[in-house]
Amino acid sequence: MEISSIGVVGAGQMGNGIAHVCALAGYDVVMTDISADALSNAVSLIERNIARQVGRGKVTEAEMAGAMARIRTTTTLAEVGQSDLIIEAATERETVKQAIFEDLLPHIKPTTILTSNTSSISITRLASRTDRPEKFMGFHFMNPVPVMQLVELIRGIATDEETFAACKAVVDRLGKTAATAEDFPAFIVNRILMPMINEAVYTLYEGVGNVTSIDMAMKLGTNHPMGPLELADFIGLDTCLAIMNVLHDGLADTKYRPCPLLTKYVEAGWLGRKTQRGFYDYRGDGDPVPTR
């Protein structure tokens with residue numbers, strides 16, 4: 001199964017990164033979003049990010065021009081339907097993802113592969129709401145997509161080998177590395193990462209350390225490039241909470257109970273960098289200031 005065109009649903013942080021790497025790898029990309037402004041901003045961001053790669057000598061001017069020419073945008077979801085591979089990269093809410101796939105079904109080719117960039121939701125359950133569970137997979141990129149080398153490939157219970165092989169070939173062409181994960185809540189990366197972040201929030205909640213000491217301890221004590229609270233802000237606290245809820249609901253184990261402080265921050269709308277406040281306050285001109 002040869003993939004030459006890729007549809008990306010969602011022009012946010014993940015969607016624009018996926019469109020960026022796919023276009024650079026030579027795929028024709030159509031990116032859709034309900035917001036025309038989001039699409040315009042995504043294209044501008046992709047152009048700036050590829051320009052930085054040109055500045056570092058990783059991409060040529062000609063490769064940049066070719067990649068930008070291969071990206072098309074639309075606010076009409078149906079226009080993505082004729083793609084060989086569709087990667088859904090909408091918000092991490094199952095009802096939203098299900099609605100997108102249901103709206104796509106009348107417009108896709110019989111051979112189109114459907115995938116989701118979900119970081120935690122059941123692939124089997126998403127696939128069961130479509131007409132092609134055998135041609136449905138989890139295609140989970142890491143953030144930021146142009147930088148991170150890993151892609152988790154998750155088979156649903158019905159995914160066939162041809163679909164897996166086609167998706168694996170795309171990962172290879174992108175110059176990334178695939179890790180195969182089974183379809184259990186949060187897969188591999190977030191099954192391990194999110195409980196660590198949640199435990200860091202509990203450490204803050206219980207007063208064992210403050211934001212600065214917790215992040216410094218993990219950076220200097222375990223050689224992590226970012227502290228867990230800084231990383232949570234980068235990911236988005238709403239996303240962290242959503243994944244913890246998936247783990248807690250899906251595995252029915254109290255060790256995955258979201259920390260009440262994480263819930264409180266999300267209820268306050270303090271979601272991290274994207275709202276300028278989370279475990280750090282990013283609204284000033286200097287370094288981010290811890291909020292606890």
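Predicted model: local features only at pLDDT ≥ 70, side-chain atom pairs only at ≥ 80, totals over all residues.
The axis of a helix is here a line fitted to its C-alpha atoms over the stretch in contact, and the angle between two axes runs from 0 to 180 degrees between their N-to-C directions.

Take helix 7, residues 189–205, and helix 10, residues 237–251: their axes come within 10 Å of each other and cross at roughly 110°. An angle from 65 to 115 degrees counts as roughly perpendicular, and helix 7 and helix 10 are therefore roughly perpendicular to each other. Their crossing is left-handed. On the side of helix 7, the contact is made by Asn-190, Arg-191, Met-194, Pro-195, Ile-197 and Asn-198, and on the side of helix 10 by Cys-240, Ile-243, Met-244, Leu-247 and Leu-251. Sorted by class, the residues of this contact are eight nonpolar, two polar and one charged.

Helix 7 also packs against helix 9, at an angle of about 120° and with the axes 9 Å apart. This crossing, too, is left-handed. Helix 7 contributes Leu-193, Met-194, Met-196, Ile-197, Ala-200, Val-201 and Leu-204 to the contact, while helix 9 contributes Pro-228, Leu-229, Leu-231, Ala-232 and Ile-235. What classes do the residues of the contact of helix 7 with helix 9 divide into? Twelve are nonpolar, with no polar and no charged residues.

The remaining pair to describe is helix 9, residues 228–235, with helix 10: they pack at an angle of about 100°, and their axes are 6 Å apart. That angle makes helix 9 roughly perpendicular to helix 10. Ala-232, Asp-233 and Ile-235 of helix 9 meet Leu-237, Thr-239 and Cys-240 of helix 10. The contact of helix 9 with helix 10 has four nonpolar residues, one polar and one charged.

An unreviewed UniProt entry lists residues 6–183 as "domain: 3-hydroxyacyl-CoA dehydrogenase NAD binding". In the model, this span is 40% helix and 21% strand, and its end C-alpha atoms lie 23 Å apart.

Under "binding site", the unreviewed UniProt entry lists Gly-10, Ala-11, Gly-12, Gln-13, Met-14, Gly-15, Asp-33, Glu-92, Lys-97, Ser-119, Asn-143 and Lys-274. Which of this set are taken in by the lining of the largest pocket? They are Ala-11, Gly-12, Gln-13, Met-14, Gly-15, Asp-33, Glu-92, Lys-97, Ser-119, Asn-143 and Lys-274. Of these, Gln-13 belongs to helix 1, residues 13–24.

Two details of the backbone remain. Most residues other than glycine have a negative phi, and most peptide bonds are trans. Pro-144 sits in the loop between strand 6 (136–141) and strand 7 (150–155). Ala-186 is not a glycine, yet its phi is positive, about 70°.

Terms used: Residues numbered from 1 in each chain as written. Heavy atoms only, no water. Helix = DSSP H or I, 4+ residues; strand = E, 2+ residues; numbered from the N terminus. Parallel < 35°, antiparallel > 145°, perpendicular 65-115°, else oblique. Left-handed = near helix turned anticlockwise from the far one by under 90°. Contact = heavy atoms within 4.5 Å. Nonpolar A, V, L, I, M, F, W, Y, C, P; charged D, E, K, R; others polar. UniProt positions renumbered as here; feature names shortened; annotations may be inferred. 1 Å grid on protein atoms, 1.4 Å probe; cavity = no way out; pocket = protein on both sides within 12 Å on 5 of 7 lines; lining within 4 Å.
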